[in-house]
Amino acid sequence: MSQYRVLPGPEHFLPPAAASMGIRLPNPGEAHINGVIVSEEKAYEEAAKQFLMAKVPTLFPGPLVLWAWNEKAAKKATAIRHLYNTLKECVQPGQKPMLIPMPDYRPKYPKINPEVEINPNHPNLTIWHNKIDCCMFIGVHCHQANLSLKIIRGGTSCYTIAMCAQAGHEDAMLSFRDASVEKIMTLADWVRKLKGTVQPRLTSAKSGASN
Amino acid sequence: MADNKSLIGTKNKKGQTFTDTWTMMNDAPRTPSFYTGSEVIKEALRRASCDVMIAYPITPQSEAAALIGELFAEGYIGDYFRGESEFAVMSQCAGAAFGGARVFTTTAGPGTMRAMENFPMWSGARLPIQMIVTCRGINSPLSIQPDTLEIAYLLNTGMLVWHAETAQDFFDWILKGYMVSEEPDVHLPLALCCDGFFVTHTKDVVNLTPADMCLPPYDPYRSPVPCMDMECPPVRMMRDPFVMKSNYISYATHASWQQEIWAAVERSRKHTIKWINGLIDTENIDADIMIVASGTAVSQGREAIRLLEDEGIRCGLVKVKSLRPWPEEEIREATKNAKHIFVPEFNVTGWLAKEIKATVPNHHRVHAGPRVCGGMTMPPEIIVQEIKTVLGMKTVSLAGRGS
């Protein structure tokens, strides 16, 4: 097994792809935390803890769930909104959950508005601007998600979670696979279950900014 | 839209049943058939639920390309046409794949070289196109004869690269190749190579799956990039590319993009192992002497081993099936006992030996040869001679053959 671990950065001027460091994707029914294969149950608990610890826990929904291009996408969008509302209900004063879309994958020039969107080509700008210290990608095409996750790991200290509808993401610190409405709702249930049991990082120096 | 799993058990317009690929390849009855490699390509395509095949004539793949035209006439291929050149063909393949089609093409030698710009583009755009490469000479003066030099150029394109030894490999791997290529965590093109003429133009007994079974269709909705959207990369990068912006963010994005392609090659490892039963095959790995080869050099190596056994010399074999992903750990493990590793090749540069040398510890054990090129055959006797020479045994020179 690889000794490499997928941890919050800033990792490197150009961090490696976790797959090239020997990190393998989970099989169906599994997830990974820091590149180590775990049960989905353990991943739900850890993801909920990370959200509840964060100063700015943020959901990044992508194009696959932002538009109702099929019934499943519409239901997922509703579930994501439920997760966001659950986060808002469960955090403590001083914590600021956010929901920032990744509407498309075009590089944004001359300048992205980091308060309203995130872009896979320069996701660090949105992370830095909003001081996001924990985020979850959902409904982002896998290639674009990996692009973003590596750049975030390279230049920020943000904890990254992927709720992937396909095979998962090694470049996230925690990744689910085969995302479904049920899995999103289960994660929301875990957030509610752990409400009040997790100490937020409000006074910690740890933040999304690397400089 | 229906996903491809829900179509299993239903019939296509030719009356073939969409069949679970694992069942079709591993459990369905096989019929022994006596076919050329080119005919085998046609028979595999008959069962591949291929949407688009684009052809261009170049020896030795022309026959296969023409035979697939017959399949189109019979209604087994969604669309089929001849491009204006190999470069055009590969660009048109990209267009079809961008549009969500399962795409197939064949090329060889100078055609591969002419089209080369497209291959990293295919990988970068995550297009799971399958390209058969029936290897032949590429240099001037013109040669249409077997020579595997062009494979060396494909190894760093980001494509998956497999090297078939036999027509049976070819039949199975064409169908299985799509299963690996189209996994959403892989989603890369596959260059399925063979040694031209030796495989394409010789007949062999090949066990075929039932003709009334076919692969489930490609599901482009599992792609890791949008199927086609002119506002989004990869398509939009043609007119609004981040690579054209000169700043750190643009460079970092492109770097991350390149890394993602090679990460996908890595991810293909577990799928390739599952579908083609390992990246390598081995025999006698406890032997002091190992032959490591790919393509038809494996067959010649196998015969050399038999000749050596007659003289009481025990020799093992590693058949390298997948060149990308590269079986680094497997080759290290299979050759750990070897005092001598011989790498017979059908090309002048010895690209496989270089890969092996970069892989195994104590690479002075690797003997880069024997090599032939330009269409020469490789008699097993020259492999025997190479091995015996290194072992300090007396051999008879084969240089006078034909005199």
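## A hairpin in chain A

Two strands count as paired if DSSP finds at least two bridges between them. In this predicted model, strand S1 (residues 30-33) of chain A and strand S2 (residues 36-39) of chain A meet that criterion, pairing in the antiparallel sense over four bridges. Within this pairing, A:Glu30 has A:Ser39 in S2(A) as its bridge partner. S1(A) and S2(A) form a hairpin in which two residues lie between the strands, and A:Asn34, located in the turn, has a positive phi of about 60 degrees.

## Helix packing in chain A

Helix H3 (residues 71-90) of chain A packs with helix H6 (residues 181-193) of chain A at an angle of about 5 degrees, and their axes are 9 Å apart. Angles under 35 degrees count as roughly parallel, and H3(A) and H6(A) are therefore roughly parallel to each other.

On the H3(A) side, the residues that meet H6(A) are A:Lys75, A:Lys76, A:Ala79, A:Ile80, A:His82, A:Leu83, A:Thr86, A:Leu87 and A:Cys90, while H6(A) contributes A:Val181, A:Ile184, A:Met185, A:Leu187, A:Ala188, A:Val191 and A:Arg192. Sorted by class, the contact of H3(A) with H6(A) has 11 nonpolar, two polar and three charged residues.

## Helix packing in chain B

In chain B, helix H8 (residues 167-181) and helix H9 (residues 248-276) pack at an angle of about 150 degrees, with their axes 9 Å apart. That angle makes H8(B) roughly antiparallel to H9(B), and H8(B) passes H9(B) in a right-handed crossing.

The contact brings B:Trp173, B:Lys176, B:Met179 and B:Val180 of H8(B) together with B:Ser268, B:His271, B:Thr272, B:Trp275 and B:Ile276 of H9(B). The residues of this contact between H8(B) and H9(B) divide into five nonpolar, three polar and one charged.

## The five-stranded sheet of chain B

Chain B contains an open sheet of five strands in the order S11-S13-S12-S15-S16, with mixed pairing. Strand S11 (280-283) and strand S16 (366-367) of chain B are the edge strands, each of which pairs on one side only. Helix H13 (residues 380-390) of chain B packs on the sheet, where H13(B) touches S12, strand S13 (315-320), S15 and S16 of chain B; the direction of H13(B) makes about 155 degrees with that of S15(B).

Inside the sheet, strand S12 (residues 289-293) of chain B and strand S15 (residues 340-342) of chain B run parallel and are joined by three bridges. One residue pair here is B:Met290 with its bridge partner in S15(B), B:Ile341.

## Domains of chain B

The domain assignment of chain B gives domain 1 (4-222) and domain 2 (281-390), and the C-alpha centres of these two domains of chain B lie 28 Å apart. Across the boundary, 20 residues of domain 1 of chain B are in contact with 20 residues of domain 2 of chain B.

On the side of domain 1 of chain B that touches domain 2 of chain B, the elements giving two or more residues are helix H7 (149-154), strand S7 (160-163) and strand S8 (190-195) of chain B. S7(B) gives the most to that side of domain 1 of chain B, with four residues. By class, this side of domain 1 of chain B has 12 nonpolar, five polar and three charged residues.

## Contact between the chains

Between the two chains, 27 residues of chain B are in contact with 23 residues of chain A. The residues on the side of chain B that touches chain A divide into 13 nonpolar, three polar and 11 charged.

Conventions:
Residues are numbered from 1 along each chain as its sequence is written. Chains are lettered from A and ligands numbered from 1 in the order in which they are written. This is a predicted model: local features need pLDDT of at least 70, side-chain atom pairs count only at pLDDT 80 or more; totals for chains, interfaces and linings use all residues. Two residues are in contact if their C-beta atoms, placed from the backbone, lie within 7 Å. Axes are lines fitted to C-alpha atoms, for helices over the stretch in contact, and angles run from 0 to 180 degrees between N-to-C directions. Domain bounds come from an automatic or database domain assignment. Ala, Val, Leu, Ile, Met, Phe, Trp, Tyr, Cys and Pro count as nonpolar, Asp, Glu, Lys and Arg as charged, and the others, Gly among them, as polar. Angles under 35 degrees count as roughly parallel, over 145 as roughly antiparallel, 65 to 115 as roughly perpendicular and the rest as oblique. A crossing is left-handed if the near helix is turned anticlockwise from the far one by less than a right angle, and right-handed if clockwise.
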